[in-house]
Amino acid sequence: MTNAQVTALQYGLIGFFALWATVLIPQLIILHSRHGQARLRPVLTTAAVLLYGSMTLAVTFLPLPGPGAERPSQTVQSNPFQWIADIHTELLKHGLPAADWFTTQTFQQATMNVLLFVPLGFFARTLWKRGLVGTTLIGLAASLLIEVTQLTANFGTAPHVYRIFDVDDLLNNTGGAALGWIAGALLLSLVRKPVPSAVELQLPRRERVDLAQIR
């Protein structure tokens, strides 16, 4: 992990605590007025969503380019699955055997782009009750918004474009959201309690025997 990434995560954590401190007290008041007590589960759920959102924004947009920062030589990468070819190029560049493909920075970056959107898909399934198609579209839309923001230099608020609009990021992010949905569906299937049947089996009743009739 680079120093820039560490700095981005630190700012993301600071942003999370600032947001949660702002939201926590009103949420506790609302929960107490509705249920007569402050429930822990909604508080932790809100914290998890805010933490994920803060960290995602931090790693995708921070750090911002300084006054003397160089512009990237490429701003758009439009070839799908280019990262596979980049792994081969990186192996040749460093003289690594083909079996070490998983150790390349390109593969690790692609994996991180997938994992980045797994929580989004998980939340879409478990919290927002979205289907697989809807979750995939949410992941695609969120990733596209991030890529467009990067391509436009944060809609003109940054000095210049400092991140690449990458089609592979769109594919990997969207795939990560789908994987998160699958993980959420599996979790719900494991913890879901069986629904009692409307028709219950009745045990046969013991008949009362009249001894006088037997005689």
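The lining of the largest pocket in this predicted model comprises, by class, 15 nonpolar, 14 polar and 7 charged residues. About 1400 Å³ of space lies in this largest pocket, and of the 36 residues that line the largest pocket, those closest to its centre are Gln5, Gln109, Asn113, Arg163 and Asp169. Two or more lining residues are given to the largest pocket by each of helix 1 (3-35), helix 2, helix 3 (82-94), helix 4 (105-116), helix 6 (132-151) and helix 8, and helix 4 supplies the largest share of that lining, with 8 residues.

The second largest pocket has a volume of about 270 Å³, and its lining divides by class into 8 nonpolar, 2 polar and 2 charged residues. The residues that line the second largest pocket are Arg41, Leu44, Thr45, Ala48, Phe122, Phe123, Thr126, Leu127, Lys129, Leu187, Leu188 and Val191. Helix 2, helix 5 and helix 8 are the elements that give two or more residues to the lining of the second largest pocket, and the largest share, 4 residues, comes from helix 2.

| Helix pair | Angle between axes | Distance between axes |
|---|---|---|
| Helix 5 (residues 118-126) and helix 8 (residues 167-191) | about 45° | 6 Å |
| Helix 2 (residues 40-61) and helix 5 | about 150° | 10 Å |
| Helix 5 and helix 6 | about 140° | 10 Å |

How do helix 5 and helix 8 lie relative to each other? With an angle of about 45° between them, helix 5 and helix 8 are therefore oblique to each other, and their crossing is right-handed. In this contact Val118, Gly121, Phe122, Arg125 and Thr126 of helix 5 meet Gly176, Ala177, Leu179, Gly180, Trp181, Ala183, Gly184, Ala185, Leu187 and Leu188 of helix 8. The residues of the contact of helix 5 with helix 8 fall into 9 nonpolar, 5 polar and 1 charged. Phe122 and Thr126 of helix 5, together with Leu187 and Leu188 of helix 8, belong to this contact and also to the lining of the second largest pocket.

Helix 2 and helix 5 pack at an angle of about 150°, and because angles over 145 degrees count as roughly antiparallel, helix 2 and helix 5 are therefore roughly antiparallel to each other. The crossing of helix 2 and helix 5 is left-handed. On the side of helix 2 the contact is made by Ala48, Val49 and Tyr52, and on the side of helix 5 by Pro119, Leu120 and Phe123, so that by class the contact of helix 2 with helix 5 has 6 nonpolar, no polar and no charged residues. Ala48 and Phe123, which take part in this contact, are also among the residues that line the second largest pocket.

Helix 5 and helix 6 pack at an angle of about 140°, with their axes 10 Å apart, which makes helix 5 oblique to helix 6. The crossing of helix 5 and helix 6 is right-handed. Leu120, Gly121 and Ala124 of helix 5 make the contact with Thr135, Ile138, Gly139 and Ala142 of helix 6, and the residues of the contact of helix 5 with helix 6 divide into 4 nonpolar, 3 polar and no charged. Gly121 of helix 5, which contacts helix 6, also meets helix 8, whereas Leu120 of helix 5, likewise in contact with helix 6, also contributes to the contact with helix 2.

Two backbone features in loops complete the description. Which form does the peptide bond from leucine 62 to proline 63 take, cis or trans? The bond is cis, with omega near -5°, and proline 63 lies in the loop between helix 2 and strand 1 (76-77). Phenylalanine 81, although it is not a glycine, has a positive phi of about 60°, and phenylalanine 81 lies in the loop between strand 1 and helix 3.

Conventions:
Residues numbered from 1 in each chain as written. Predicted model: local features only at pLDDT ≥ 70, side-chain atom pairs only at ≥ 80, totals over all residues. Heavy atoms only, no water. Axes fitted to C-alpha atoms, helices over the stretch in contact; angles between N-to-C directions. Parallel < 35°, antiparallel > 145°, perpendicular 65-115°, else oblique. Left-handed = near helix turned anticlockwise from the far one by under 90°. Contact = heavy atoms within 4.5 Å. 1 Å grid on protein atoms, 1.4 Å probe; cavity = no way out; pocket = protein on both sides within 12 Å on 5 of 7 lines; lining within 4 Å. Points joined across faces, edges and corners; volume = space filled by probe spheres on them.
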